[in-house]
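Trainee: I would like to go through the ligand site of this model. Please keep to what the atoms show.

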Amino acid sequence: MPTPPLTLIARSSSHFSRITRIYAAELEVPHAFEPVFDIVSTWSAGYGDNPLLRVPSLRTPEGTWFGSLGVCRELARRSSRALQLVWPEDLTDPVSSNAQEVVTDAMNTGVVIITSRMQKVPDDNPALMKPFARLHGALDWLEANLDAALATQPSGDLSFLDVSAFCFLTHLGFRGLGTLDQHPRLRAFCDRFGERASAQATPYHFDQPPAA
Ligand SMILES: N[C@@H](CCC(=O)N[C@@H](CS)C(=O)NCC(=O)O)C(=O)O
């Protein structure tokens, strides 16, 4: 079988990567998957020449796209499906715009905590006090406001806010960053979105390098 001309350079354990995997599935864009096994590496070629040394990237014959939003936009341009897509710039009221801000920033905060843990920084280190407070504040805010944000955004087949919120919220338990035990509305949202085939096809797991 010929290799598809697109390659997603990503990690199956990464919430930003999962956004792009869900878009690729929804948009039915064939692609190869190139896992980044060593996320601590500073070798940019391993990240598709992304100088930020992060996943995801999308390698195409025309060039490489860095970051989840840019990758999703390129997947949309390459899709033959006529889906109505709702992007962050379509969120023109405060509650949905703020929801996107809170979700994206909380995802970045999760990355800060995970990369600190990789360097053996304990969770009670003062440097992580504010990131954990930020994460808890984000969850409480989303519990109170996400439903309104989702209802207020323009209607469409797929919304970046929905997808990123789902990837963020389901990643918390996977990486031991928190639970949704006290957040029933967020749990209900995850259950609803989790019924989509694209969500079920992209569960979090750690990619394993091939045996030597
Ligand atoms: N703005 C980027 C953020 C990507 C990001 O932070 N990815 C994480 C994995 S979820 C990563 O590469 N972490 C490794 C690091 O920060 O060194 C996006 O939207 O894709």
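Predicted model: local features only at pLDDT ≥ 70, side-chain atom pairs only at ≥ 80, totals over all residues.

Mentor: Residues are numbered from 1 along each chain as its sequence is written, and side-chain values use heavy atoms, with hydrogens and water left out.

Trainee: Which residue has a polar side-chain atom 2.5 Å from an oxygen atom of the ligand?

Mentor: A polar contact is a pair of N or O atoms within 3.5 Å. Ser-68 places a polar side-chain atom 2.7 Å from a ligand oxygen, and a ligand nitrogen is 2.8 Å from a polar backbone atom of Val-55. The side chain at 2.5 Å from a ligand oxygen belongs to Arg-54.

Trainee: How much of the ligand's exposed area does the protein bury?

Mentor: Accessible areas come from the Shrake-Rupley method with a 1.4 Å probe. Taken alone, the ligand exposes 510 Å². The share buried by the protein is 78%.

Trainee: Which element gives the largest share of the lining of the largest pocket?

Mentor: The ligand takes up the space of the largest pocket, whose volume is about 680 Å³. Among the elements giving two or more residues to the lining are α1 and α2 (68-78); helices are DSSP runs (H or I, at least four residues), numbered from the N terminus. The largest share is eight residues, and the element is α3.

Definitions and conventions:
Polar contact = N/O pair within 3.5 Å; in protein donor to acceptor, adjacent residues only side chain to side chain. 1 Å grid on protein atoms, 1.4 Å probe; cavity = no way out; pocket = protein on both sides within 12 Å on 5 of 7 lines; lining within 4 Å. Sits in = over half its atoms within 2 Å of the grid points. Points joined across faces, edges and corners; volume = space filled by probe spheres on them.
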